[in-house]
Amino acid sequence: MSAEFPSVRPRRLRSTPAMRRLVAETRLHPAELVLPAFVREGLTEPKPITAMPGVVQHTRDTLRRAAVEAAEAGVGGIMLFGVPEVQDAIGSEGTSPEGILQLAIRDVVSEVGDALVVMSDLCLDEYTDHGHCGVLAADGSVDNDATLERYAEMAVVQADAGVHLVGPSGMMDGQVAVIRRALDGAGHQDVGILAYTAKYASAFFGPFREAVGSSLKGDRKTYQQDPANARESLRELEQDLAEGADMVMVKPAMAYLDILRQIADVSPVPVSAYQVSGEYSMVEAAAANGWIDRERTILETLTSIRRAGAEQILTYWATEAARLVR
């Protein structure tokens, strides 16, 4: 053959669907997907979230059905967020045994048992009338250590309700250690902690605020990470591991694939990533306008997160995507 023709032809391994499937380096599996779900106190029917087409605030009954559908599709877990009717300065409903999140945990565990890993958001922003993730000091700043006391209480009531993993998402210094001590002290040694290790002060969280009825004024830049920083995430990882995190998370996912890769390369525990509301809504909006192929884009985004090192992906498409890849 003439030297002007290539002898190495990578296209040979792209020639047919069967060939591409055979040599695929990254695969999506339903068990790697986690469905975030919102349950709102006092609803008699699901309430659509306008900024997140296709996602709703559930009633307790529709949440049970969504959990069953996820389990039947092979989804690995469900992350529950509670939206109370009443908010106050310290987020009292977050630590009430009869608070909406605790009721939802009991509902889902009783409905699906161990067919799903039941996870719960451990944060105060859904419950406070100021919308911050913690208790405020007199000057209006978030009081880190006073907030830790509230997180410890939240962890225990969520564990009492039957949750398998708590997900502290407030980015308070020392939160994992305090929660671990509280869980162990209450006899919940088997309840795990999915630490939100690298959670950035991101614009992509916008639609989520409607989803949880947040009353936030201002921003969370004094406790969530600066999008400009990368090394800081490795410091957060080191601290969370030392404090006893069972799993760690990067949030958001798609705009922080470099951070995800760095953490996955060194973490000795499973690494998750959260494909957040703004990432979801961008795709849905573009697809609704006919600008992109919706299903292909969903799977491509999830594959990119998995390829970057996530072993679990929290995504609002979890049940749908699980059916697509089975």
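The following questions and answers go through a predicted model of one chain.

Visitor: How many helices and strands does the chain have?
Guide: Helices (H or I, at least four residues) and strands (E, at least two) are DSSP runs, numbered from the N terminus. By that count, the secondary structure comes to 11 helices and 10 strands.

Visitor: What radius of gyration does the chain have, beside that of a compact globule?
Guide: The radius is taken over C-alpha atoms, and the globule rule is 2.2 Å times the number of residues to the power 0.38. For 326 residues the rule gives a value near 20 Å. The chain agrees with it, at 20 Å.

Visitor: What percentage of the residues is buried?
Guide: Buried means under 20% relative accessible area, exposed over 50%, and partly exposed in between (1.4 Å probe, protein chains only). Of the 326 residues in the chain, the buried share is 53%.

Visitor: Which residue of E9 is the bridge partner of Val 250?
Guide: Strand E8 (residues 247-251) pairs with E9 in the parallel sense over three bridges; two strands pair if DSSP finds at least two bridges between them. Strand E9 (residues 271-274) is covered on both faces, with Val 271 and Ala 273 buried on one side and Ser 272 and Tyr 274 buried on the other. The partner of Val 250 in E9 is Ala 273.

Visitor: Which residue of E6 stands opposite Leu 122?
Guide: Strand E5 (residues 117-122) runs parallel to E6, joined to it by four bridges. In strand E6 (residues 165-168), Leu 165 and Gly 167 are buried on one side, and Val 166 and Pro 168 are buried on the other. Opposite Leu 122 stands Pro 168.

Visitor: Is Ala 70 buried or exposed?
Guide: Ala 70 is found in helix H2 (residues 60-73). Leaving aside neighbours within four places in sequence, Ala 70 is in contact (heavy atoms within 4.5 Å) with Leu 35, Val 75, Leu 116 and Thr 319. Because its relative accessibility is 0%, Ala 70 counts as buried.

Visitor: What separates the C-alpha atoms of Thr 147 and Leu 136?
Guide: Thr 147 is found in helix H4 (residues 144-160) and, at 0% relative accessibility, counts as buried. Its contacts beyond four places in sequence include Cys 133, Gly 134 and Met 172. Leu 136 is 11 residues from Thr 147 along the chain, and their C-alpha atoms are separated by 8.3 Å.

Visitor: What is the phi of Met 171?
Guide: Most residues other than glycine have a negative phi. Met 171 lies in the loop between E6 and helix H5 (175-185), and at 6% relative accessibility Met 171 counts as buried. Met 171 is not a glycine, yet its phi is positive, at about 60°.

Visitor: Is the peptide bond from Lys 251 to Pro 252 cis or trans?
Guide: Most peptide bonds are trans. Pro 252 is found in the loop between E8 and helix H8 (257-266). With omega near -5°, the bond from Lys 251 to Pro 252 is cis.

Terms used. Residues numbered from 1 in each chain as written. Predicted model: local features only at pLDDT ≥ 70, side-chain atom pairs only at ≥ 80, totals over all residues. Heavy atoms only, no water.
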